[in-house]
Amino acid sequence: MLKVDVIVIGAGAAGLFCAAEAGKRGRSVLVLDHAKRIGGKILMSGGGRCNFTNMYASPENYLSANPHFCKSALSRYNQWDFIALVTQYGIAYHEKTLGQLFCDDSAKDILKLLLSECDKAGVQVRHPVEVQNIDKTAEGFELETSQGQFGCDSLVVATGGLSIPKLGASPFGYKIAEQFGLKVLPTRAGLVPFTLHEQDKAALAELSGISLDATAVCNHTSFRENILFTHRGLSGPSVLQISNYWHPGETVTFNLSPGQNLTEFLQTEQQAHPDALLSTTLAKLFPKRFVQVALEYFALTNKPMKQYQGKQLEQVADAFMQWQLKPNGTEGYRTAEVTLGGVDTNELSSKTMEARKVPGLYFIGEVMDVTGWLGGYNFQWAWSSGWVAGQVV
Ligand code: FAD
(Lines give C-alpha, C1' and ligand atoms only; values in the text may rest on other atoms or scores of the structure.)
Protein backbone atom coordinates (compact mmCIF):
# COMPACT_ATOMS: atom_id res chain seq x y z
CA MET A 1 0.00 0.00 0.00
CA LEU A 2 1.33 3.44 -0.96
CA LYS A 3 1.08 5.71 2.06
CA VAL A 4 1.12 9.51 1.67
CA ASP A 5 0.30 12.41 3.95
CA VAL A 6 -2.61 13.72 1.90
CA ILE A 7 -4.94 12.25 -0.72
CA VAL A 8 -7.14 14.62 -2.68
CA ILE A 9 -10.04 13.06 -4.59
CA GLY A 10 -10.83 15.25 -7.61
CA ALA A 11 -8.28 17.00 -9.83
CA GLY A 12 -10.46 20.03 -10.56
CA ALA A 13 -9.87 23.64 -9.63
CA ALA A 14 -10.16 23.22 -5.86
CA GLY A 15 -8.39 19.84 -5.66
CA LEU A 16 -5.31 20.83 -7.66
CA PHE A 17 -4.97 24.15 -5.86
CA CYS A 18 -5.24 22.55 -2.43
CA ALA A 19 -2.80 19.79 -3.41
CA ALA A 20 -0.18 22.34 -4.53
CA GLU A 21 -0.54 24.31 -1.29
CA ALA A 22 -0.15 21.18 0.84
CA GLY A 23 2.81 20.05 -1.27
CA LYS A 24 4.52 23.41 -0.74
CA ARG A 25 4.39 22.74 3.00
CA GLY A 26 6.39 19.58 2.46
CA ARG A 27 3.44 17.19 2.67
CA SER A 28 3.44 14.21 0.32
CA VAL A 29 0.29 14.59 -1.78
CA LEU A 30 -1.52 12.27 -4.18
CA VAL A 31 -4.43 13.50 -6.30
CA LEU A 32 -6.82 10.90 -7.73
CA ASP A 33 -9.39 11.57 -10.43
CA HIS A 34 -11.63 9.19 -12.33
CA ALA A 35 -11.64 11.29 -15.51
CA LYS A 36 -9.55 10.37 -18.53
CA ARG A 37 -8.75 14.04 -19.08
CA ILE A 38 -8.50 16.35 -16.12
CA GLY A 39 -9.36 20.03 -15.95
CA GLY A 40 -12.25 19.66 -18.40
CA LYS A 41 -14.39 22.23 -16.63
CA ILE A 42 -11.56 24.73 -16.44
CA LEU A 43 -10.89 24.37 -20.16
CA MET A 44 -14.58 24.81 -20.99
CA SER A 45 -15.09 27.71 -18.58
CA GLY A 46 -15.69 31.27 -19.63
CA GLY A 47 -16.19 30.18 -23.25
CA GLY A 48 -12.63 28.76 -23.30
CA ARG A 49 -11.06 31.82 -21.64
CA CYS A 50 -11.81 30.95 -17.97
CA ASN A 51 -13.37 33.70 -15.91
CA PHE A 52 -10.93 32.83 -13.13
CA THR A 53 -12.05 35.35 -10.49
CA ASN A 54 -13.98 38.54 -9.91
CA MET A 55 -12.45 41.79 -8.69
CA TYR A 56 -15.50 42.43 -6.50
CA ALA A 57 -15.84 38.93 -5.00
CA SER A 58 -17.27 39.13 -1.48
CA PRO A 59 -19.47 36.90 0.70
CA GLU A 60 -22.63 38.61 -0.63
CA ASN A 61 -22.00 36.94 -4.00
CA TYR A 62 -22.51 33.44 -2.59
CA LEU A 63 -25.58 31.35 -1.75
CA SER A 64 -25.50 28.93 1.16
CA ALA A 65 -27.81 27.79 3.95
CA ASN A 66 -25.12 29.39 6.16
CA PRO A 67 -24.20 32.65 4.43
CA HIS A 68 -21.45 33.42 6.97
CA PHE A 69 -19.50 30.23 6.28
CA CYS A 70 -17.59 31.49 3.24
CA LYS A 71 -16.36 34.72 4.88
CA SER A 72 -13.23 33.39 6.54
CA ALA A 73 -11.80 31.52 3.52
CA LEU A 74 -12.66 34.34 1.11
CA SER A 75 -10.83 36.84 3.28
CA ARG A 76 -7.76 34.65 3.93
CA TYR A 77 -7.21 33.88 0.25
CA ASN A 78 -8.96 36.49 -1.83
CA GLN A 79 -9.23 37.44 -5.50
CA TRP A 80 -6.13 39.67 -5.30
CA ASP A 81 -4.06 36.72 -4.08
CA PHE A 82 -5.09 34.68 -7.09
CA ILE A 83 -4.62 37.63 -9.45
CA ALA A 84 -1.07 37.96 -8.09
CA LEU A 85 -0.43 34.30 -8.91
CA VAL A 86 -1.83 34.71 -12.41
CA THR A 87 0.42 37.73 -12.88
CA GLN A 88 3.41 35.82 -11.54
CA TYR A 89 2.82 33.26 -14.29
CA GLY A 90 2.74 36.03 -16.89
CA ILE A 91 -0.82 35.17 -17.90
CA ALA A 92 -2.41 38.12 -19.68
CA TYR A 93 -5.99 38.85 -18.61
CA HIS A 94 -8.67 41.48 -18.95
CA GLU A 95 -11.87 42.61 -17.26
CA LYS A 96 -14.78 41.74 -19.49
CA THR A 97 -17.53 43.35 -17.47
CA LEU A 98 -18.61 43.74 -13.83
CA GLY A 99 -15.19 42.83 -12.44
CA GLN A 100 -15.06 39.50 -14.31
CA LEU A 101 -11.45 38.60 -15.15
CA PHE A 102 -10.77 36.39 -18.17
CA CYS A 103 -7.54 35.07 -19.72
CA ASP A 104 -6.64 36.98 -22.87
CA ASP A 105 -5.58 33.77 -24.61
CA SER A 106 -6.95 30.55 -23.23
CA ALA A 107 -8.26 28.73 -20.18
CA LYS A 108 -5.39 26.32 -20.81
CA ASP A 109 -3.16 28.90 -19.10
CA ILE A 110 -5.01 28.43 -15.80
CA LEU A 111 -4.85 24.64 -16.02
CA LYS A 112 -1.13 24.87 -16.82
CA LEU A 113 -0.67 27.16 -13.80
CA LEU A 114 -2.35 24.63 -11.51
CA LEU A 115 -0.42 21.66 -12.89
CA SER A 116 2.83 23.59 -12.71
CA GLU A 117 2.14 24.55 -9.07
CA CYS A 118 1.47 20.86 -8.32
CA ASP A 119 4.59 19.79 -10.16
CA LYS A 120 6.80 22.27 -8.32
CA ALA A 121 5.37 21.07 -5.02
CA GLY A 122 6.01 17.41 -5.85
CA VAL A 123 2.32 16.49 -6.05
CA GLN A 124 1.47 13.22 -7.84
CA VAL A 125 -1.65 13.36 -9.99
CA ARG A 126 -3.10 10.02 -11.10
CA HIS A 127 -6.01 9.49 -13.48
CA PRO A 128 -8.16 7.74 -14.48
CA VAL A 129 -8.49 6.06 -11.08
CA GLU A 130 -11.74 4.77 -9.60
CA VAL A 131 -11.97 5.06 -5.83
CA GLN A 132 -13.95 1.98 -4.82
CA ASN A 133 -13.92 2.09 -1.05
CA ILE A 134 -12.81 4.38 1.78
CA ASP A 135 -12.14 3.21 5.35
CA LYS A 136 -11.19 5.26 8.37
CA THR A 137 -8.48 3.62 10.44
CA ALA A 138 -6.63 4.60 13.60
CA GLU A 139 -3.83 6.05 11.42
CA GLY A 140 -6.00 7.88 8.92
CA PHE A 141 -7.76 6.64 5.79
CA GLU A 142 -7.36 3.64 3.50
CA LEU A 143 -8.62 3.76 -0.07
CA GLU A 144 -9.30 0.82 -2.37
CA THR A 145 -8.92 1.95 -5.96
CA SER A 146 -8.61 0.62 -9.48
CA GLN A 147 -4.85 1.20 -9.06
CA GLY A 148 -4.57 -0.59 -5.74
CA GLN A 149 -4.58 0.51 -2.10
CA PHE A 150 -3.54 3.93 -0.87
CA GLY A 151 -3.31 5.28 2.66
CA CYS A 152 -3.23 8.86 3.99
CA ASP A 153 -3.47 10.97 7.13
CA SER A 154 -5.71 13.60 5.56
CA LEU A 155 -8.37 12.96 2.94
CA VAL A 156 -9.63 15.93 0.91
CA VAL A 157 -12.84 15.55 -1.08
CA ALA A 158 -12.85 17.90 -4.08
CA THR A 159 -15.22 16.07 -6.41
CA GLY A 160 -17.26 19.14 -7.38
CA GLY A 161 -20.99 19.17 -8.10
CA LEU A 162 -23.29 17.37 -10.50
CA SER A 163 -23.13 19.79 -13.42
CA ILE A 164 -22.01 18.52 -16.81
CA PRO A 165 -21.79 14.76 -16.17
CA LYS A 166 -19.87 14.25 -19.41
CA LEU A 167 -16.94 16.18 -17.87
CA GLY A 168 -16.68 13.71 -14.98
CA ALA A 169 -19.22 15.11 -12.51
CA SER A 170 -20.47 12.54 -10.01
CA PRO A 171 -22.28 12.42 -6.66
CA PHE A 172 -19.28 10.64 -5.11
CA GLY A 173 -18.43 13.51 -2.75
CA TYR A 174 -21.95 13.50 -1.31
CA LYS A 175 -21.73 9.72 -0.82
CA ILE A 176 -18.46 10.09 1.08
CA ALA A 177 -20.09 12.73 3.30
CA GLU A 178 -23.03 10.42 3.98
CA GLN A 179 -20.74 7.45 4.64
CA PHE A 180 -19.18 9.48 7.47
CA GLY A 181 -22.53 10.64 8.83
CA LEU A 182 -22.38 14.21 7.50
CA LYS A 183 -25.54 15.94 6.36
CA VAL A 184 -25.90 16.71 2.65
CA LEU A 185 -28.41 19.40 1.69
CA PRO A 186 -30.65 18.79 -1.34
CA THR A 187 -28.97 19.71 -4.61
CA ARG A 188 -30.34 21.45 -7.71
CA ALA A 189 -28.94 22.85 -10.93
CA GLY A 190 -27.78 26.48 -10.76
CA LEU A 191 -26.64 29.11 -13.29
CA VAL A 192 -28.84 27.34 -15.77
CA PRO A 193 -31.23 28.37 -18.59
CA PHE A 194 -34.99 28.21 -18.04
CA THR A 195 -37.28 26.02 -20.10
CA LEU A 196 -40.76 27.32 -20.87
CA HIS A 197 -44.31 25.97 -20.76
CA GLU A 198 -45.58 24.97 -24.21
CA GLN A 199 -47.70 28.10 -24.65
CA ASP A 200 -44.83 30.49 -23.91
CA LYS A 201 -42.39 28.38 -25.88
CA ALA A 202 -44.59 28.44 -28.99
CA ALA A 203 -45.30 32.16 -28.69
CA LEU A 204 -41.66 33.13 -28.18
CA ALA A 205 -39.99 30.60 -30.50
CA GLU A 206 -39.46 33.18 -33.24
CA LEU A 207 -37.32 35.27 -30.91
CA SER A 208 -34.54 32.69 -30.77
CA GLY A 209 -31.19 34.52 -30.90
CA ILE A 210 -32.50 37.89 -29.67
CA SER A 211 -30.75 39.33 -26.66
CA LEU A 212 -32.07 42.22 -24.52
CA ASP A 213 -30.82 44.21 -21.56
CA ALA A 214 -33.20 43.26 -18.74
CA THR A 215 -33.57 43.05 -15.00
CA ALA A 216 -34.69 39.67 -13.65
CA VAL A 217 -36.27 39.60 -10.21
CA CYS A 218 -37.12 36.60 -8.02
CA ASN A 219 -37.24 36.11 -4.25
CA HIS A 220 -36.17 39.70 -3.48
CA THR A 221 -33.06 39.39 -5.63
CA SER A 222 -32.47 41.11 -8.94
CA PHE A 223 -29.84 41.07 -11.66
CA ARG A 224 -29.49 43.44 -14.58
CA GLU A 225 -27.62 41.92 -17.50
CA ASN A 226 -28.73 40.49 -20.85
CA ILE A 227 -31.41 37.86 -21.39
CA LEU A 228 -31.24 35.66 -24.45
CA PHE A 229 -34.21 33.97 -26.15
CA THR A 230 -33.25 30.48 -27.33
CA HIS A 231 -35.13 27.75 -29.17
CA ARG A 232 -35.45 25.88 -25.86
CA GLY A 233 -36.37 28.82 -23.61
CA LEU A 234 -34.54 31.67 -21.94
CA SER A 235 -30.85 32.06 -21.23
CA GLY A 236 -28.29 34.87 -20.95
CA PRO A 237 -26.48 36.12 -17.86
CA SER A 238 -29.53 37.73 -16.21
CA VAL A 239 -31.42 34.45 -16.46
CA LEU A 240 -28.51 32.28 -15.31
CA GLN A 241 -28.01 34.54 -12.29
CA ILE A 242 -31.66 34.53 -11.24
CA SER A 243 -31.91 30.75 -11.75
CA ASN A 244 -29.86 30.37 -8.54
CA TYR A 245 -32.67 32.06 -6.62
CA TRP A 246 -35.61 30.42 -8.40
CA HIS A 247 -37.49 27.32 -7.22
CA PRO A 248 -39.92 25.24 -9.32
CA GLY A 249 -43.36 26.83 -9.54
CA GLU A 250 -42.14 30.37 -8.81
CA THR A 251 -42.57 33.39 -11.07
CA VAL A 252 -39.73 35.56 -12.34
CA THR A 253 -40.43 39.21 -13.13
CA PHE A 254 -38.49 40.77 -15.99
CA ASN A 255 -38.14 44.48 -16.65
CA LEU A 256 -37.33 44.69 -20.34
CA SER A 257 -36.73 48.42 -20.14
CA PRO A 258 -34.42 48.70 -17.13
CA GLY A 259 -32.63 51.78 -18.42
CA GLN A 260 -35.59 54.08 -18.70
CA ASN A 261 -39.16 54.56 -17.58
CA LEU A 262 -41.16 53.21 -20.50
CA THR A 263 -44.35 55.07 -19.55
CA GLU A 264 -42.54 58.41 -19.75
CA PHE A 265 -40.93 57.41 -23.05
CA LEU A 266 -44.29 56.46 -24.57
CA GLN A 267 -45.93 59.70 -23.33
CA THR A 268 -43.15 61.81 -24.84
CA GLU A 269 -43.37 59.90 -28.13
CA GLN A 270 -47.15 60.29 -28.18
CA GLN A 271 -46.73 64.07 -28.02
CA ALA A 272 -43.97 64.16 -30.62
CA HIS A 273 -45.27 61.54 -33.09
CA PRO A 274 -49.03 61.06 -32.53
CA ASP A 275 -49.56 59.28 -35.86
CA ALA A 276 -46.76 56.75 -35.39
CA LEU A 277 -47.83 53.19 -34.65
CA LEU A 278 -47.07 51.76 -31.23
CA SER A 279 -44.87 49.15 -32.92
CA THR A 280 -42.83 51.86 -34.69
CA THR A 281 -42.43 53.71 -31.40
CA LEU A 282 -41.33 50.61 -29.50
CA ALA A 283 -38.92 49.70 -32.30
CA LYS A 284 -36.89 52.75 -31.24
CA LEU A 285 -36.00 50.78 -28.11
CA PHE A 286 -36.26 47.12 -29.06
CA PRO A 287 -35.44 44.98 -32.11
CA LYS A 288 -38.30 45.04 -34.64
CA ARG A 289 -38.76 41.27 -34.60
CA PHE A 290 -39.08 41.38 -30.83
CA VAL A 291 -41.70 44.16 -30.93
CA GLN A 292 -43.90 42.24 -33.38
CA VAL A 293 -43.86 39.07 -31.29
CA ALA A 294 -44.11 40.90 -27.96
CA LEU A 295 -47.25 42.86 -28.94
CA GLU A 296 -49.01 39.61 -29.76
CA TYR A 297 -47.62 37.80 -26.73
CA PHE A 298 -48.73 40.57 -24.35
CA ALA A 299 -52.10 40.84 -26.21
CA LEU A 300 -51.57 44.54 -27.02
CA THR A 301 -53.27 46.21 -29.99
CA ASN A 302 -51.07 48.06 -32.39
CA LYS A 303 -52.61 51.49 -33.08
CA PRO A 304 -51.36 55.01 -33.80
CA MET A 305 -50.02 56.53 -30.58
CA LYS A 306 -52.71 59.25 -30.45
CA GLN A 307 -55.40 56.60 -29.97
CA TYR A 308 -54.04 55.44 -26.59
CA GLN A 309 -55.45 56.87 -23.34
CA GLY A 310 -52.96 57.61 -20.55
CA LYS A 311 -53.95 54.44 -18.65
CA GLN A 312 -53.54 52.33 -21.76
CA LEU A 313 -50.00 53.60 -22.30
CA GLU A 314 -49.26 52.64 -18.70
CA GLN A 315 -50.59 49.16 -19.40
CA VAL A 316 -48.31 48.85 -22.43
CA ALA A 317 -45.35 49.98 -20.34
CA ASP A 318 -46.27 47.58 -17.52
CA ALA A 319 -46.37 44.63 -19.91
CA PHE A 320 -42.74 45.27 -20.82
CA MET A 321 -41.53 46.44 -17.43
CA GLN A 322 -43.26 43.79 -15.34
CA TRP A 323 -43.28 40.71 -17.49
CA GLN A 324 -44.28 37.87 -15.18
CA LEU A 325 -42.97 34.55 -16.41
CA LYS A 326 -43.42 31.17 -14.76
CA PRO A 327 -40.64 28.93 -16.15
CA ASN A 328 -41.50 25.31 -16.76
CA GLY A 329 -38.17 24.27 -15.28
CA THR A 330 -34.48 24.45 -16.05
CA GLU A 331 -32.24 22.64 -18.50
CA GLY A 332 -30.84 20.77 -15.49
CA TYR A 333 -27.35 19.46 -14.85
CA ARG A 334 -26.71 18.85 -18.55
CA THR A 335 -25.97 22.55 -19.07
CA ALA A 336 -25.89 24.03 -15.54
CA GLU A 337 -22.65 25.75 -14.59
CA VAL A 338 -22.99 24.89 -10.92
CA THR A 339 -24.80 22.77 -8.35
CA LEU A 340 -26.62 24.44 -5.49
CA GLY A 341 -26.72 22.63 -2.14
CA GLY A 342 -24.31 19.85 -1.21
CA VAL A 343 -22.34 19.04 1.94
CA ASP A 344 -23.86 21.06 4.80
CA THR A 345 -21.36 23.71 5.86
CA ASN A 346 -22.50 23.30 9.48
CA GLU A 347 -20.62 20.00 9.40
CA LEU A 348 -17.35 21.76 8.48
CA SER A 349 -14.92 24.21 10.05
CA SER A 350 -15.00 27.50 8.12
CA LYS A 351 -11.31 28.03 8.96
CA THR A 352 -10.01 24.71 7.60
CA MET A 353 -12.88 22.93 5.74
CA GLU A 354 -12.34 19.92 8.03
CA ALA A 355 -15.36 17.84 9.02
CA ARG A 356 -16.06 18.55 12.69
CA LYS A 357 -17.09 14.94 13.38
CA VAL A 358 -14.33 13.29 11.34
CA PRO A 359 -10.82 14.62 12.00
CA GLY A 360 -8.67 14.41 8.86
CA LEU A 361 -11.57 14.55 6.40
CA TYR A 362 -11.95 17.78 4.38
CA PHE A 363 -14.41 19.05 1.75
CA ILE A 364 -13.49 21.88 -0.61
CA GLY A 365 -14.94 23.61 -3.68
CA GLU A 366 -18.33 23.05 -5.21
CA VAL A 367 -19.12 19.77 -3.42
CA MET A 368 -20.18 21.79 -0.39
CA ASP A 369 -23.18 24.05 -0.01
CA VAL A 370 -21.51 27.25 -1.20
CA THR A 371 -22.47 28.50 -4.66
CA GLY A 372 -21.35 31.69 -6.31
CA TRP A 373 -22.97 34.00 -8.81
CA LEU A 374 -21.99 33.92 -12.44
CA GLY A 375 -18.80 35.91 -13.03
CA GLY A 376 -15.73 34.15 -11.65
CA TYR A 377 -17.09 33.70 -8.13
CA ASN A 378 -17.20 29.91 -8.28
CA PHE A 379 -13.55 29.55 -9.20
CA GLN A 380 -12.69 32.03 -6.45
CA TRP A 381 -14.47 29.74 -3.99
CA ALA A 382 -12.46 26.79 -5.33
CA TRP A 383 -9.20 28.76 -4.80
CA SER A 384 -10.17 30.14 -1.36
CA SER A 385 -11.52 26.90 0.11
CA GLY A 386 -8.70 24.87 -1.48
CA TRP A 387 -6.08 27.25 -0.13
CA VAL A 388 -7.27 27.23 3.48
CA ALA A 389 -7.44 23.43 3.53
CA GLY A 390 -4.02 23.31 1.86
CA GLN A 391 -2.49 25.12 4.87
CA VAL A 392 -3.54 22.46 7.37
CA VAL A 393 -3.94 19.04 5.72
P1 FAD B 1 -14.57 20.54 -10.44
O2 FAD B 1 -13.74 21.56 -11.10
O3 FAD B 1 -15.85 20.13 -11.05
O4 FAD B 1 -13.65 19.25 -10.25
C5 FAD B 1 -14.14 18.06 -9.71
C6 FAD B 1 -13.21 16.94 -10.12
O7 FAD B 1 -13.59 15.77 -9.40
C8 FAD B 1 -13.32 16.60 -11.60
O9 FAD B 1 -12.02 16.55 -12.16
C10 FAD B 1 -13.99 15.24 -11.62
O11 FAD B 1 -13.57 14.43 -12.68
C12 FAD B 1 -13.56 14.67 -10.28
N13 FAD B 1 -14.45 13.64 -9.78
C14 FAD B 1 -15.79 13.66 -9.70
N15 FAD B 1 -16.24 12.50 -9.24
C16 FAD B 1 -15.16 11.73 -8.98
C17 FAD B 1 -14.98 10.41 -8.50
N18 FAD B 1 -16.02 9.63 -8.21
N19 FAD B 1 -13.72 9.93 -8.38
C20 FAD B 1 -12.65 10.67 -8.73
N21 FAD B 1 -12.75 11.93 -9.21
C22 FAD B 1 -14.00 12.44 -9.32
N23 FAD B 1 -16.86 29.26 -12.66
C24 FAD B 1 -16.23 30.44 -12.68
O25 FAD B 1 -15.91 30.98 -11.63
N26 FAD B 1 -15.92 31.05 -13.88
C27 FAD B 1 -16.24 30.50 -15.08
O28 FAD B 1 -15.88 31.03 -16.15
C29 FAD B 1 -16.96 29.28 -15.08
N30 FAD B 1 -17.37 28.72 -16.24
C31 FAD B 1 -17.99 27.51 -16.22
C32 FAD B 1 -18.41 26.94 -17.42
C33 FAD B 1 -19.03 25.71 -17.42
C34 FAD B 1 -19.51 25.12 -18.72
C35 FAD B 1 -19.22 25.02 -16.19
C36 FAD B 1 -19.87 23.66 -16.16
C37 FAD B 1 -18.84 25.60 -14.99
C38 FAD B 1 -18.23 26.84 -14.98
N39 FAD B 1 -17.84 27.45 -13.79
C40 FAD B 1 -17.23 28.66 -13.82
C41 FAD B 1 -18.01 26.77 -12.49
C42 FAD B 1 -16.66 26.15 -12.07
O43 FAD B 1 -16.15 25.40 -13.16
C44 FAD B 1 -16.82 25.24 -10.85
O45 FAD B 1 -17.49 25.90 -9.83
C46 FAD B 1 -15.46 24.78 -10.36
O47 FAD B 1 -14.81 24.05 -11.37
C48 FAD B 1 -15.61 23.91 -9.11
O49 FAD B 1 -14.35 23.43 -8.77
P50 FAD B 1 -14.22 22.03 -8.01
O51 FAD B 1 -12.77 21.74 -7.97
O52 FAD B 1 -14.99 22.06 -6.76
O53 FAD B 1 -14.95 20.96 -8.97
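Start with the ligand and the shell of residues around it: 12 are nonpolar, 13 polar and 4 charged. Here Ala, Val, Leu, Ile, Met, Phe, Trp, Tyr, Cys and Pro count as nonpolar, Asp, Glu, Lys and Arg as charged, and the others, Gly among them, as polar. Before you zoom in, note that this is a predicted model, where local features need pLDDT of at least 70 and side-chain atom pairs count only at pLDDT 80 or more, while totals for chains, interfaces and linings use all residues. Residues are numbered from 1 along each chain as its sequence is written, and side-chain values use heavy atoms, with hydrogens and water left out.

**Stop 1: the ligand**

Select Ala14, Asp33, Ser170, Glu366 and Phe379, which come nearest of the 29 residues around the ligand (near means a heavy atom within 4 Å). Now look for polar contacts, meaning pairs of N or O atoms within 3.5 Å; within protein, one must be able to donate a hydrogen and the other to accept it, and residues adjacent in sequence count only if both atoms are side-chain atoms. On serine 170, a side-chain N or O atom sits 2.6 Å from a ligand nitrogen. Over at phenylalanine 379, a backbone N or O atom is 2.8 Å from a ligand oxygen. On its own the ligand has 1,000 Å² of accessible area, and the protein covers 93% of that (Shrake-Rupley method, 1.4 Å probe).

Next, color helices H1 (13-24), H2 (40-44) and H13 (377-390): each gives the shell at least two residues. H13 supplies the largest share, 3 residues. Helices here are DSSP runs of H or I, at least four residues, and strands are runs of E, at least two, numbered from the N terminus.

**Stop 2: helix H5**

Select residues 108-120. Which residues of H5 are buried? They are Asp109, Ile110, Leu111, Leu113, Leu114, Glu117 and Cys118, buried being under 20% relative accessible area with a 1.4 Å probe, protein chains only. These pack against H1, H2, strand S3 (51-54), helix H4 (79-88), strand S6 (100-103) and H13, with contact meaning heavy atoms within 4.5 Å.

**Stop 3: threonine 352**

Go to the loop between strands S19 (338-343) and S20 (361-363) to find threonine 352. Threonine 352 counts as buried because its relative accessibility is 17%. Its side chain makes a polar contact with the side chain of serine 349 (3.1 Å). A polar atom of the threonine 352 side chain also lies 3.2 Å from the backbone nitrogen of glutamate 354.

Conventions
Buried < 20%, exposed > 50% of the residue type's maximum accessible area, 1.4 Å probe, protein only.
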